[in-house]
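Subject: Structure for you to look at

Hi there,

Here is the structure I promised to pass on. Please open it next to this email, and you can follow along as you read.

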Amino acid sequence: MKLKLIPLTLLLLSSLVSCKQEAKKEEQQTPVKEETKVQSDVKKDLGLKVLNFDELKPFIEKNDDKTHVVNFWATWCKPCVEELPAFEKIHEENKDKNVEVLLVSLDFPNEIESHLIPFIKEHKLAPEVLVLDDPNQNKWINGVDKSWSGALPATIIYNKNKRSFYEQSFSYDALNQELQKFIN
């Protein structure tokens, strides 16, 4: 009886492996034209930019007279969503004080239209929102900060003299306290 199970088990395993390989092939063969169309539709809808990491870098490495608060978040991340009001309030209170707040969404590209855009509209997010769409996570996670594990939420506060990275959630008071270290 055991000998009959071995060929059956091998057959099942080989079919699972081949299905997995087929799925990978399909993922790799996804037409770029579809992605480009989604991105252009998104841009038209909200002025939302979908960027790879090389395109995002200038937004997280500005050397100007402003203090920049850059939050990495996603609509599927509960702590991210819970802390968004703190970033909204920081944006509102400091927009005339040379402080710029940027929200970098890590939502899945295929959920931009179905989740991200409705979320932005429903919550009336005032800071600029960019979407990071880059499959090379090792490059951009280390490119944002070498200490980043990739967990969300994550925030950078920087100006031309100082830069700090935070892999944590923020309350308004804690975020404002950190921001004051840069603007005072």
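Predicted model: local features only at pLDDT ≥ 70, side-chain atom pairs only at ≥ 80, totals over all residues.

Residues are numbered from 1 along each chain as its sequence is written, and side-chain values use heavy atoms, with hydrogens and water left out.

The overall picture

The protein chain has 7 helices and 6 strands. Helices (H or I, at least four residues) and strands (E, at least two) are DSSP runs, numbered from the N terminus. In sequence order they give the pattern α-α-β-α-β-α-β-α-β-α-β-β-α. The chain has 184 residues, and 39% of them count as buried; buried means under 20% relative accessible area, exposed over 50%, and partly exposed in between (1.4 Å probe, protein chains only). Take the contacts (heavy atoms within 4.5 Å) between residues at least 6 apart in sequence: 69% join residues at least 24 apart.

The 6 strands form an open sheet in the order 1-4-3-2-5-6, with mixed pairing. Two strands pair if DSSP finds at least two bridges between them. At the edges stand strand 1 (49-51) and strand 6 (163-166), each with a single partner strand, so one side of each has no neighbour in the sheet. From one strand to the next, the twist averages 20°. Axes here are lines fitted to C-alpha atoms, for helices over the stretch in contact, and angles run from 0 to 180 degrees between N-to-C directions.

Strand 2 and strand 3 pair in the parallel sense, over 7 bridges, and H68 stands opposite E100 in strand 3. Helix 4 (residues 78-94) packs on the sheet, where it touches strand 2, strand 3 and strand 5 (154-158). The direction of helix 4 makes about 160° with that of strand 2.

Helix 5

In helix 5 (residues 112-123), the buried residues are I112, L116, I117, F119 and I120. Seen down the helix axis, they fall within an arc of 155°, so they line one face of helix 5. That arc is taken over the directions from the helix axis to the C-beta atoms. Just after helix 5, K124 has a positive phi of about 50°.

The salt bridges

A salt bridge here is a side-chain nitrogen of Lys or Arg within 4 Å of a carboxyl oxygen of Asp or Glu, and by this rule there are 8.

One of them joins K139 and D54, at 3.0 Å from N to O. K139 sits in helix 6 (residues 137-144) and D54 in helix 3 (residues 53-60), so this pair ties together parts 85 residues apart in sequence. Both ends are partly exposed: K139 has a relative accessible area of 37%, and D54 comes to 47%.

K62 lies in the loop between helix 3 and strand 2 (67-73), 38 residues from E100 in strand 3 (residues 99-105). K66 is in the loop between helix 3 and strand 2, so its bridge to E100 ties together parts 34 residues apart in sequence. E100 is partly exposed at 22%, as are K62 at 26% and K66 at 31%.

Best wishes
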